[in-house]
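Reader: I am new to this one and would like to go through it slowly. Could you show it to me, and then tell me how the helices pack?

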Amino acid sequence: MSRSHAAAASLLLFGAAALHVARAAPEPAVAAGKRLFDADCVMCHRADGSGGVHFGHGVVSADLRAPRLERTYHHENRLIVRAILDGRDQSDRPLHAPMPHWGGTLTVAQARDIVAFLHTLKAH
Ligand code: HEC
């Protein structure tokens, strides 16, 4: 094999590997996250994510906008994903009803899309 053929072959291999990685872990998508948020979350967390809806017994829906949520969850996306899917707070304590547990309804990839969208919500 000539040198240029070898280079082309390794480029091809590299391309295939990159494609494989992209398929294995799709990048979270803000637009898909917004669609899911609009369908499943706005009724309790409001369209702008500011929350503040009272459910009695002192339970209020959380403000999901970026600055507050990111601080609360130590800038750890996986903890925010866990809160959505498993209903656990940043210290692994259960969140209060009526916050649903979305595991089984939403996939991890969908929860990551929602988190990507929440990062775009800024408090004014
Ligand atoms: C039926 C109302 C309701 C729906 C629907 C709902 N939530 Fe919640 N959510 C709540 C309430 C109430 C809390 C606060 C729970 C608490 O204080 O322990 C909460 C808390 C959270 C938290 C924790 C925030 C924090 O500061 O600890 C996250 C994250 C969250 N919700 C995301 C979502 C997402 C994403 C969706 C849509 C997929 C959603 N919620 C749908 C009511 C709801």
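Author: Helix H2 (residues 30-40) packs with helix H6 (residues 108-118) at an angle of about 100 degrees, their axes being 7 Å apart. H2 is therefore roughly perpendicular to H6, a label for angles of 65 to 115 degrees. Axes here are lines fitted to C-alpha atoms, for helices over the stretch in contact, with angles running from 0 to 180 degrees between N-to-C directions. Helices are DSSP runs of H or I with at least four residues, strands are runs of E with at least two, and both are numbered from the N terminus.

Reader: Before we go on, what sort of model is it?

Author: This is a predicted model, in which local features need pLDDT of at least 70 and side-chain atom pairs count only at pLDDT 80 or more, while totals for chains, interfaces and linings use all residues. Residues are numbered from 1 along each chain as its sequence is written.

Reader: Back to H2 and H6, which residues make the contact?

Author: On H2 they are Val 30, Ala 32, Gly 33, Lys 34, Leu 36 and Phe 37, and on H6 they are Gln 110, Asp 113, Ile 114, Ala 116 and Phe 117, where contact requires C-beta atoms, placed from the backbone, within 7 Å. By class this contact has 7 nonpolar, 2 polar and 2 charged residues; nonpolar covers Ala, Val, Leu, Ile, Met, Phe, Trp, Tyr, Cys and Pro, charged covers Asp, Glu, Lys and Arg, and the others, Gly among them, are polar.

Reader: And how do H5 and H6 cross?

Author: Their axes come within 9 Å and cross at roughly 115 degrees. Asn 77, Ile 80, Val 81, Ile 84 and Leu 85 of H5 meet Val 108, Ala 111, Arg 112, Ile 114 and Val 115 of H6, and these residues divide into 8 nonpolar, 1 polar and 1 charged.

Reader: Where does Gly 87 sit?

Author: Gly 87 lies in the loop between helix H5 (77-86) and H6. In space, Gly 87 is 5.1 Å from His 101, C-alpha to C-alpha, although the two are 14 residues apart in sequence.

Reader: Why does Gly 87 count as partly exposed?

Author: Because Gly 87 has 17 C-beta neighbours inside 10 Å; 20 or more would be buried and 12 or fewer exposed, with partly exposed in between.

Reader: New topic: what surrounds the ligand?

Author: The ligand is surrounded by 23 residues, the closest being Cys 41, Cys 44, Ala 62, His 96 and Met 99, and near means a C-beta atom, placed from the backbone, within 6 Å. By class, this shell has 17 nonpolar, 4 polar and 2 charged residues.

Terms used
Parallel < 35°, antiparallel > 145°, perpendicular 65-115°, else oblique. Contact = placed C-beta atoms within 7 Å.
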